[in-house]
Amino acid sequence: MSLSAVAAMDIKSTTAAIRSYNIDVRGDQKSALRFLSNLRMECEQKRMAWQVYNAVKREAKKAGLIPR
């Protein structure tokens, strides 16, 4: 199962965006959850691949932005 070049670029840009949130900054966890929610809606509307959402969610979990 290979990703398209567009999906690979989406993963890079969105994981960079989720890494910009800081767990120590008040409000960033809420913003990160909102970001993930919007990304999920884009996937549900077929504008973005689910692999992108899953990769970004994995990064958010690693960063401690969302509960495991």
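## Salt bridges in a predicted model

Arg-19 and Glu-59 are joined by a salt bridge, with 3.2 Å between their closest N and O atoms. The term salt bridge here denotes a side-chain nitrogen of Lys or Arg within 4 Å of a carboxyl oxygen of Asp or Glu. Side chains of opposite charge can pair when their charged atoms come close.

The structure is a predicted model, in which local features need pLDDT of at least 70 and side-chain atom pairs count only at pLDDT 80 or more, while totals for chains, interfaces and linings use all residues. Residues are numbered from 1 along each chain as its sequence is written, and side-chain values use heavy atoms, with hydrogens and water left out.

Helices (H or I, at least four residues) are DSSP runs, numbered from the N terminus. Buried stands for under 20% relative accessible area, exposed for over 50%, and partly exposed for values in between (1.4 Å probe, protein chains only).

A search of the whole structure finds three salt bridges, and they are set out below.

| Salt bridge | N to O distance |
|---|---|
| Arg-19 and Glu-59 | 3.2 Å |
| Glu-44 and Arg-40 | 3.3 Å |
| Glu-59 and Lys-62 | 3.6 Å |

Glu-59 also forms a salt bridge with Lys-62. Both residues lie in helix H3, three residues apart, which is about one turn of the helix. Through shared partners, the salt bridges join Arg-19, Glu-59 and Lys-62 into one network. Lys-62 is exposed, with a relative accessibility of 58%.

The pair Glu-44 and Arg-40 is found in helix H2 (residues 28-44), where four residues, or about one helical turn, separate the two. Glu-44 is partly exposed, at 47% relative accessible area, and Arg-40 is likewise partly exposed, at 36%.

One further residue concerns the backbone. Lys-46 is located in the loop between H2 and H3. Its phi angle is near 65 degrees, a positive value in a residue other than glycine. Lys-46 is exposed, with 70% relative accessibility.
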